[in-house]
Amino acid sequence: MSPDRDTECIFCKIADHEIPSEIVHETDTVVAFRDTNPQAPTHILLIPQDHIEDLTAITDDHGQVLADIVHAAAHLARAEEIDEGGWRLVSNVGPDAGQSVFHLHFHLLGGRKMSWPPG
Ligand code: AMP
C-alpha cells in the first residue's frame, strides 16, 4: 500500500484493489467507483488516490487533485449520459451532513429529478 494511504481505510483499500468494487475511472490521482447503496440511477463516488479525510483537511497542495476530481466527474456525467438532464456533485463533511466514510469523496448523482434543498 502506498505511504499516502491509510491501512484501516475502506476507500484506500478500494483504490489499492484490495477489496472488490466496480471501478469506472482510474488515473494517477483519482479513482471513481459505483456506490453500493445507490441513491439515483447513476451514483458514483470519486476519491483522491491519496488518503485525505474530508474537505476540512484540504490544503493549498490539493488544488490539482480537486480539479482532477471535478474534471473526472464531468467526464463521467457525459459517459453516463446524464449531462443533458443534469447531475449533482456533493461531498458530505461531518456528522450533520451524514459523512460515514472518512476518506474524501464526492457523490456524482444523476438520472432522476432531484429536489432542493436536500434532506
Ligand atoms: P458518506 O455517507 O457521504 O460518507 O458516503 C459514503 C458512501 O460510501 C455511502 O453512499 C455508501 O453507500 C458508500 N460505500 C460504503 N462502502 C462502500 C463500498 N465498499 N463500495 C462502494 N460504496 C461504498
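The model is predicted, with local features needing pLDDT of at least 70 and side-chain atom pairs counting only at pLDDT 80 or more, while totals for chains, interfaces and linings use all residues. Residues are numbered from 1 along each chain as its sequence is written, and side-chain values use heavy atoms, with hydrogens and water left out.

The largest pocket has a volume of about 700 Å³ and is lined by 31 residues, among which Asp35, Gln39, His43, Asn92 and His107 lie nearest its centre. Two or more residues of this lining come from each of H1, E2, strand E3 (42-48), strand E4 (87-90) and strand E5 (106-110). A pocket here is an open set of points on a 1 Å grid over the protein atoms alone, where a 1.4 Å probe fits, with protein on both sides within 12 Å along at least five of seven lines; lining residues have an atom within 4 Å of a point. The volume is the space filled by probe spheres set on the points, which are joined across faces, edges and corners.

**The ligand.** The ligand sits in the largest pocket, in the sense that more than half of its atoms lie within 2 Å of the grid points. Helix H1 (10-15) and strand E2 (30-34) are the elements that give two or more residues to the shell around the ligand, and H1 gives the most, with 3 residues. Helices (H or I, at least four residues) and strands (E, at least two) are DSSP runs, numbered from the N terminus. Of the 16 residues around the ligand, Asp35, Asn92, Ser100, His105 and His107 come nearest, a residue being near if one of its heavy atoms lies within 4 Å. The shell divides into 6 nonpolar, 8 polar and 2 charged residues.

| Backbone of | Ligand atom | Distance |
|---|---|---|
| Thr36 | nitrogen | 3.3 Å |
| Gly98 | oxygen | 3.0 Å |
| Ser100 | oxygen | 2.7 Å |

**Backbone geometry.** Most residues other than glycine have a negative phi, and most peptide bonds are trans. His17, which is not a glycine, has a positive phi of about 60° and is placed in the loop between H1 and strand E1 (23-26). A cis peptide bond, with omega about 5°, joins Trp116 and Pro117, and Pro117 lies in the segment after E5.

Definitions and conventions. A polar contact is a pair of N or O atoms within 3.5 Å; within protein, one must be able to donate a hydrogen and the other to accept it, and residues adjacent in sequence count only if both atoms are side-chain atoms. Ala, Val, Leu, Ile, Met, Phe, Trp, Tyr, Cys and Pro count as nonpolar, Asp, Glu, Lys and Arg as charged, and the others, Gly among them, as polar.
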